[in-house]
Amino acid sequence: MNKTKIEWTDFSWNPVTGCRHGCYYCYAESMYRRFGRSFEPRFHPERLSQPLRKNGPMRIFVGSVTDMFGDWVPEEWHSAIFDVIRQCPEKTFQFLTKNPKRLKDLSPYPQNCWVGVTAINQAAANTAIEHLAEVSAPVKYLSCEPLSGPIRLDVKRFPPAINWLIIGACTGAHRF
């Protein structure tokens, strides 16, 4: 696990790395390519015990260089990760996906899990909200970054679906 400079979390934990979404703005893929590493999804069982070795409450972003809910992530990987999460009730585990249709596969989530969806535009926000409304998690959120256009949230239609909102611009080499 690594200490992070991300404002909304304390550590990143990457028992899975790599992604197949192919987003043009992906910071993780750019970083992997820069260092000549493959960005193919990979499970790292040797990293599973990392949260168990940290004491006290903290927020942990699970899979900062992958999409834990990508179609390529098998159930066995999820099971191993959630086994560790259940052993750490004092820690908050934050998930973020671009594939919200898989969120309900693991619902209900343990009480120490926050579940979020990336929404860069209105269409993605609409899809995210629909799927988050079907999920049982203590905190459900949208990450509107990189924000590529306006998003209007209909809070009267989906008030319980969103507890938290992250808004940000695209940064780095691929900013618009």
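Predicted model: local features only at pLDDT ≥ 70, side-chain atom pairs only at ≥ 80, totals over all residues.
1. Two strands pair if DSSP finds at least two bridges between them. β5 and β6 meet that mark, with three bridges in the parallel sense.

2. β6 pairs with β7 in the parallel sense, over five bridges. In that pairing F93 stands opposite C113 of β7. β7 is joined in turn to β8 by five bridges, and again the strands run parallel. T118 is set opposite S143 in β8.

3. Now the connections. From β7 the chain passes through α3 to β8, and this β-α-β crossover is right-handed. Another right-handed β-α-β unit is made by β5, α2 and β6.

4. Look at β7 by itself. How many of the six residues of β7 are buried? Five are, so the strand is largely enclosed by the rest of the structure.

5. Helix α3 spans residues 122–132, and its buried residues are A125, A128, I129, H131 and L132. They sit on the same side of α3, because they cover an arc of only 165 degrees around the axis. What covers them? The cover includes β7 (113–118) and β8 (139–144). These are the strands that the crossover through α3 connects.

6. The N-terminal end of α3 has a cap. N121 provides it, with a side-chain oxygen 3.3 Å from the backbone nitrogen of A123.

7. Is H131 buried or exposed? Its relative accessibility is 18%, and buried means under 20%, so H131 counts as buried. Leaving aside residues up to four places away in sequence, H131 touches P100 and K101.

8. K101 has a further partner. It forms a salt bridge with D71, and the closest N and O atoms are 3.5 Å apart. This pair links distant parts of the chain, 30 residues apart. D71 is in the loop between β5 and α2 (75–86), while K101 is in the loop between β6 (92–97) and β7. K101 is partly exposed, at a relative accessible area of 45%.

9. Step back to the charges. Side chains of opposite charge can pair when their charged atoms come close. How many salt bridges does the structure hold? There are six. The bridge between D71 and K101 is one of them.

10. R59 and D10 form another salt bridge, with 3.4 Å between the closest N and O atoms. This one also links distant parts of the chain, its ends 49 residues apart. R59 belongs to strand β5 (residues 59–62), and D10 to the loop between β1 (2–3) and β2 (11–13). R59 counts as partly exposed, with 28% relative accessibility.

11. A salt bridge within a helix comes next. D83 and R86 form it, their closest N and O atoms lying 4.0 Å apart. Both residues are in helix α2, three residues apart, which is about one turn of the helix. D83 is partly exposed at 44% relative accessibility. R86 has a relative accessible area of 52% and is exposed.

Conventions. Residues numbered from 1 in each chain as written. Heavy atoms only, no water. Buried < 20%, exposed > 50% of the residue type's maximum accessible area, 1.4 Å probe, protein only. Helix = DSSP H or I, 4+ residues; strand = E, 2+ residues; numbered from the N terminus. Arc of directions from axis to C-beta. Contact = heavy atoms within 4.5 Å. Polar contact = N/O pair within 3.5 Å; in protein donor to acceptor, adjacent residues only side chain to side chain. Salt bridge = Lys/Arg side-chain N within 4 Å of Asp/Glu carboxyl O. Right-handed = clockwise from strand over helix to strand, strands pointing away.
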